[in-house]
Structure formats: structure tokens, C-alpha cells
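Let's take a look at two spots in one protein chain. Here is the structure to follow along with.

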Amino acid sequence: MPTYLYKIQPVRPAMLSEGPSEEEARITNEHFEYLKGQMEQGTLILAGRTLNSDYSSFGIAIFNARDDAHMQELTEADPGVAKRLFRAEWYPYRIALHAPGNTGDQ
């Protein structure tokens, strides 16, 4: 199954530096729950975000998807993208090296 790198950035960067509005916080939670659901289904490999809070901040996720059309469906189903909290880009991606035990989360 092909792998894709998914990159999102907030449409309103001040959401990170000044704090989210109630609506932004609600949508962010929906986005997180969506990603958790994709992980439970085996579609999402990993997800995270940079810790800076300026305009260059972004989140990434790595998905398994059947093809480009499926990846587009996954993108459009993300509440954060559908509700225009985040803009998204995705790219076909190949994981070259992977060591699950090296994340430091033990």
C-alpha cells in the first residue's frame, strides 16, 4: 500500500501564538479524534507537529492509502481541513529507515 506524507498548517497562525478561539479549539479536537480513528483503522502511521508557534509551524502525518484518490478522500474528511482551520498538502512518500523503539516514548 502506498505511503503519503501529509502536511498541514493553520490558516490563522495566531491561533498558535495567541491561542485558539473556542471554535478553533473544538475543530482541533475533532481533527485529533479523526487522526486517532485513522490510527485505529491502520491507515495512520504517525502524526505530530512542530513546537514553534509562528507562521512556519506545521504538522505532519504519514498515512497508508490505496492511491492518490484515497489520500484525497482522507484529506477532505479531516475536519480541520474541511472546516478550513488547516490548509493541507500531501505527497507520495517512501519510508527508507524506521526504528519504532527510537521515539523516546517508552
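A quick word on terms: buried means under 20% relative accessible area, exposed means over 50%, and partly exposed is in between (1.4 Å probe, protein chains only). This is a predicted model, where local features need pLDDT of at least 70, side-chain atom pairs count only at pLDDT 80 or more, and totals for chains, interfaces and linings use all residues. Residues are numbered from 1 along each chain as its sequence is written, and side-chain values use heavy atoms, leaving out hydrogens and water.

Start with Arg12, which sits in the loop between β1 (3-10) and α1 (14-17). Helices (H or I, at least four residues) and strands (E, at least two) are DSSP runs, numbered from the N terminus. Arg12 counts as partly exposed because its relative accessible area is 35%. Skipping neighbours within four places in sequence, Arg12 touches Glu18, Gly19, Pro20, Ser21 and Glu24; contact here means heavy atoms within 4.5 Å. Its C-alpha atom is 9.9 Å from that of Arg87, 75 residues apart along the chain.

Now for His70, in helix α3 (residues 68-77). His70 counts as buried because its relative accessibility is 12%. With neighbours within four places left aside, His70 is in contact with Asn64 and Ala65.

Both side chains also have polar partners. A polar contact is a pair of N or O atoms within 3.5 Å; within protein, one must be able to donate a hydrogen and the other to accept it, and residues adjacent in sequence count only if both atoms are side-chain atoms.

| Side chain | Partner | Distance |
|---|---|---|
| Arg12 | Glu24 side chain | 2.8 Å |
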